[in-house]
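User: Can you walk me through this structure before I set anything up? I'd like the overall picture and then some individual residues.
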Amino acid sequence: MVIGLLVIFLLVLFLPLLLSPVEKNLEMFLFGMGLFAAFISGVLNRSLFIEATFAPVNITVAVFVAGLLFKWLHKPLEKTIIGIRHHMPYRAFIALTVIFLGLISSVITAIISALVLVLIVGALRIDRKSEVRFVVLACFSIGLGAALSPIGEPLSTIAINKLDGGFYYLIELIGSEVFVALVVFGLMAAIMVSQPNKIQESISEKRTSEGYEEIVSRALKIYFFVMGLTFLGAGFEPLIRQYFLGLHPAILYWINIISAILDNATLTAAEISPEMDTFTIRAILLGLLLSGGMLIPGNIPNIIAASKLKITSKEWAKFGVPVGLVSMLVYFFAFFMFQ
């Protein structure tokens, strides 16, 4: 079982970066790998299949409805965003957008924040390199900010339920670390996202509105993507429970870099226990959250934004992996060396 799961982990990690056919069919590839992982682990049963069938429904409906709304209301919403942008310095707008989306995601959920991000990116009309950087940094921010309340994302809901915490429990636990990260990601975006020039704006005006077929196709792809991640997380859960629990917090922190390709909600359910001390719980959560933005499968906002904006795994990883690794290193030394 262990060897089989390790092979699957390596395939999921590297094949989308190396093979174009896998990249173009990433959703079905992850769906297949998830089924295979669940089968190898012996957890592929009726209850898991039912869970995986219904788990993607809410996000699929949200993506579909948002796609329709963006198609119908694209022009007025774009004008509103452009109007706001023109009333403040461009780099201040970029920084505040990243920070605001991270903060508001704990209230409106990570899914809705990601959809708002897609709309803003469409209105900004920036070059491709800046677009990818802006989206990746904003998704890091959304993934972190959404964890501060039980309604932001599944990870926070599971953590609070398992630890019998109140609504503000995670804010008290990791709030300061998350707030600092949001500000840093906002400042990075302000520095690294270039302002569009007139040529770019004139080109972007020629973009055609997507058809209903594309909206339906993207929603279906998201459905199978999330379904595959559910199978994948369940398949790796026995391995995590058997070999990883009980390790030193610093080791757990770095092991949780696997959150870059596995569902962090499943990892939270498998790793966190009310018997753990606060330091260990904080280490686990920070490891999961900081690595979640490194690759597209790592978080729901990544999946939504990459799908809508057609960002490839290579484009995302080229910027997301270095940002994630540096962030994890900084927090590792700050968290473990000075406490």
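Analyst: A word on terms to begin with: helices here are DSSP runs of H or I with at least four residues, and they are numbered from the N terminus. Please also keep in mind that this is a predicted model.

User: What share of the residues is buried, and what about the contacts?
Analyst: Buried residues make up 53% of the 339 residues. Of the contacts with a separation of 6 or more, 81% are accounted for by residues 24 or more positions apart.

User: What does the surface look like, and how many charged side chains are there?
Analyst: The accessible surface comes to about 15100 Å², and 70% of that area belongs to carbon and sulfur atoms. As for charge, the chain has 23 positive and 21 negative side chains, with the centres of the two sets lying 12 Å apart.

User: Switching to backbone geometry, which residues have a positive phi without being a glycine?
Analyst: Thr 109 is one of them, with a positive phi of about 85 degrees, and Lys 310 is another, with a positive phi of about 60 degrees.

User: Where is Lys 310, and is it buried or exposed?
Analyst: Lys 310 sits in the loop between helix H15 (300-309) and helix H16 (313-337). Its relative accessibility is 57%, so Lys 310 counts as exposed, the cut-off being over 50%.

User: And where does Thr 109 lie?
Analyst: Thr 109 lies within helix H6, which covers residues 90-124. With a relative accessible area of 25%, Thr 109 is partly exposed.

User: Let's do aromatics. How many pairs does a search of the whole structure find?
Analyst: That search finds 10 aromatic pairs. Among them, Tyr 223 and Phe 224 form an edge-to-face pair, at 5.5 Å centre to centre and with 90 degrees between the planes. Tyr 223 is buried, since its relative accessible area of 17% is under 20%, whereas Phe 224 is partly exposed at 28%.

User: Which pair is tilted?
Analyst: Tyr 253 and Phe 332 form a tilted pair, 5.9 Å centre to centre with 35 degrees between the planes. Because Tyr 253 lies in helix H12 and Phe 332 in helix H16, the pair ties together parts that are 79 residues apart in sequence. Both partners count as buried, Tyr 253 at 0% relative accessibility and Phe 332 at 14%.

User: Going back to Tyr 223 and Phe 224, which aromatic cluster are they in?
Analyst: Tyr 223 and Phe 224 form one aromatic cluster together with Phe 31, Phe 49 and Phe 231.

User: Last one, where is Asn 256, and what is it in contact with?
Analyst: Asn 256 is placed in the loop between helix H12 (249-255) and helix H13 (264-271), and at 0% relative accessibility Asn 256 counts as buried. Leaving aside neighbours within four places in sequence, Asn 256 is in contact with Glu 271, Ile 284, Gly 287, Leu 288 and Ser 291.

Note on methods. Residues are numbered from 1 along each chain as its sequence is written. This is a predicted model: local features need pLDDT of at least 70, side-chain atom pairs count only at pLDDT 80 or more; totals for chains, interfaces and linings use all residues. Side-chain values use heavy atoms; hydrogens and water are left out. Buried means under 20% relative accessible area, exposed over 50%, partly exposed in between (1.4 Å probe, protein chains only). Contact means heavy atoms within 4.5 Å. Accessible areas come from the Shrake-Rupley method with a 1.4 Å probe; for residues, only the protein chains shown count as cover. Lys and Arg count as positive and Asp and Glu as negative; His and the chain ends are not counted. The place of a charge is taken as NZ of Lys, CZ of Arg, CG of Asp or CD of Glu. Helices (H or I, at least four residues) and strands (E, at least two) are DSSP runs, numbered from the N terminus. Rings of Phe, Tyr and Trp (its six-membered ring) pair if their centres lie within 6.5 Å; planes under 30 degrees apart count as stacked, over 60 as edge-to-face and the rest as tilted.
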